[in-house]
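Please look over the structure shown here before reading on.

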Amino acid sequence: MRIAVTGSIATDHLMTFPGRFADQLVADQLHTVSLSFLVDNLDVRRGGVGPNICFGMGQLGGTPILVGAAGYDFDEYRGWLDRHGVDTGSVRISEVLHTARFVCTTDKDHNQIGSFYTGAMSEARLIELKAVADRVGGLDLVLIGADDPEAMLRHTEECRTRGIPFAADFSQQIARMDGDEIRTLLDGATYLFSNEYEKGLIESKTGWTDAEILARVGHRVTTLGSRGVRIERVGDTPIEVGCAEETAKVDPTGVGDAFRAGFLTGLSWGVGLERAAQVGCMLATLVIETLGTQEYTLRRANFMERFTKAYGDEAASEVQSYLS
């Protein structure tokens with residue numbers, strides 16, 4: 001399967017302040033705040049839902065097609081993704097804007113002050129999927145992830161018009177979208193991804209019940225945190241897959257993206273929904289054990305050993321050949 005992943009491309013600039021923000025705030029001067037914090041360190045991480053998902057697919061041996069917009073400072077990030085199996089040939093490079101970035105300072109009480117710069121992400125709305133399909137010889141599935149809202153709507157409409165199967169995965173953008181936009185993005189999707197909270201928010205904003213939404217999508221995939229994932233399809237018994245045991249819970253950031261990477265890769269292998277979900281859950285476990293969304297290393301022998309322990313010999317035998 002030729003799978004394209006559309007979504008934000010960004011870098012995270014994370015800083016740590018050794019004191020407390022609260023100690024620096026004067027109650028009767030909050031209307032004229034002007035503060036500067038001397039931080040201890042700066043940690044720059046690669047991020048964005050598009051690259052996070054594509055990186056995981058590349059780790060599993062796939063060649064996902066990343067679709068999104070980045071700035072003229074993207075060269076180093078592009079090199080990293082290229083080395084890890086990602087096709088970056090359809091990334092739009094802005095001539096005037098930097099790649100989107102999140103800048104965040106955390107104090108000793110884990111309070112945070114952050115800013116998100118959209119930057120080149122705003123140009124994702126100018127990308128046409130037909131050009132992507134023509135370049136790679138057609139698309140079998142497009143995952144439409146959190147991105148510039150206008151880009152998400154355009155990609156969805158183009159998939160419908162051109163008959164390209166698509167997966168709706170609006171995650172962080174649900175908060176700013178209204179019911180009409182969400183209905184447009186999910187109607188006719190082959191897969192609808194969300195977590196449990198987002199599932200309720202989708203139903204609240206659209207005014208559609210769970211059953212009505214399920215009737216409008218091929219599959220509803222709901223991640224359940226530490227309880228794994230549930231996959232529903234009209235007329236079928238729901239499939240529930242638990243998480244593999246982790247060695248440590250280091251950082252949950254990017255866990256959902258890793259699940260999607262494993263699930264989509266499993267679909268491309270043709271191993272079926274349950275096995276694909278198991279691959280996704282196993283990959284998500286590697287991410288929660290690592291600080292950073294693209295800092296883990298998939299060692300195939302270790303992956304299969306842990307996969308077998310979590311899901312059994314029969315499941316392992318079905319995916320083993322794809323990871324050899």
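## An enclosed helix and its surroundings

Of the 15 residues of α8, 12 are buried, so this helix is largely enclosed by the rest of the structure. The model is a predicted one, and the values given below are to be read with that in mind. The buried residues of α8 are D257, A258, F259, R260, A261, G262, F263, L264, T265, G266, L267 and W269. The length of the helix can be checked as well: at 1.5 Å a residue, the 15 residues of α8 should span 21 Å, and because its end C-alpha atoms are 21 Å apart, the two values agree. Just after α8, the backbone at G270 takes a positive phi of about 80°.

Just after α1, G61 has a positive phi of about 100°.

## Aromatic pairs

How many aromatic pairs does the count come to? The count comes to 13 aromatic pairs. One of them joins F55 and Y296, whose ring centres lie 5.3 Å apart with the planes at 90°, and because planes over 60 degrees apart count as edge-to-face, this pair is edge-to-face. F55 belongs to helix α1 (residues 49-59), while Y296 lies in the loop between α9 (273-288) and α10 (300-311), so the pair ties together parts that are 241 residues apart in sequence. Both F55 and Y296 are buried.

Another edge-to-face pair is that of F193 and F263, where the ring centres are 5.8 Å apart and the planes stand at 85°. This pair links distant parts of the chain, with F193 in strand β10 (residues 191-195) and F263 in helix α8 (residues 255-269), 70 residues apart. F193 and F263 are both buried, and together with Y191 and F259 they form one aromatic cluster.

| Arginine | Ring | Distance from ring centre |
|---|---|---|
| R46 | W80 | 3.7 Å |
| R183 | W208 | 5.9 Å |

## Surface and backbone

With a relative accessible area of 44%, L25 is partly exposed.

The backbone of S171 deserves a separate look. Most residues other than glycine have a negative phi. S171, however, has a positive phi of about 25° although it is not a glycine. S171 is located in the loop between β9 (166-169) and α5 (179-186). Is S171 buried or exposed? At 15% relative accessibility, S171 counts as buried, because the cut-off for a buried residue is under 20% relative accessible area.

Finally, A69 lies in strand β4 (residues 65-70), and with a relative accessible area of 2% this residue is buried. The C-alpha atoms of A69 and S90 are separated by 8.9 Å, and these two residues are 21 residues apart along the chain.

Note on methods:
Residues are numbered from 1 along each chain as its sequence is written. This is a predicted model: local features need pLDDT of at least 70, side-chain atom pairs count only at pLDDT 80 or more; totals for chains, interfaces and linings use all residues. Side-chain values use heavy atoms; hydrogens and water are left out. Rings of Phe, Tyr and Trp (its six-membered ring) pair if their centres lie within 6.5 Å; planes under 30 degrees apart count as stacked, over 60 as edge-to-face and the rest as tilted. Helices (H or I, at least four residues) and strands (E, at least two) are DSSP runs, numbered from the N terminus. Buried means under 20% relative accessible area, exposed over 50%, partly exposed in between (1.4 Å probe, protein chains only). A charge sits over a ring if NZ of Lys or CZ of Arg is within 6 Å of the ring centre and within 35 degrees of the ring normal. The expected span of a helix is 1.5 Å times one less than its number of residues.
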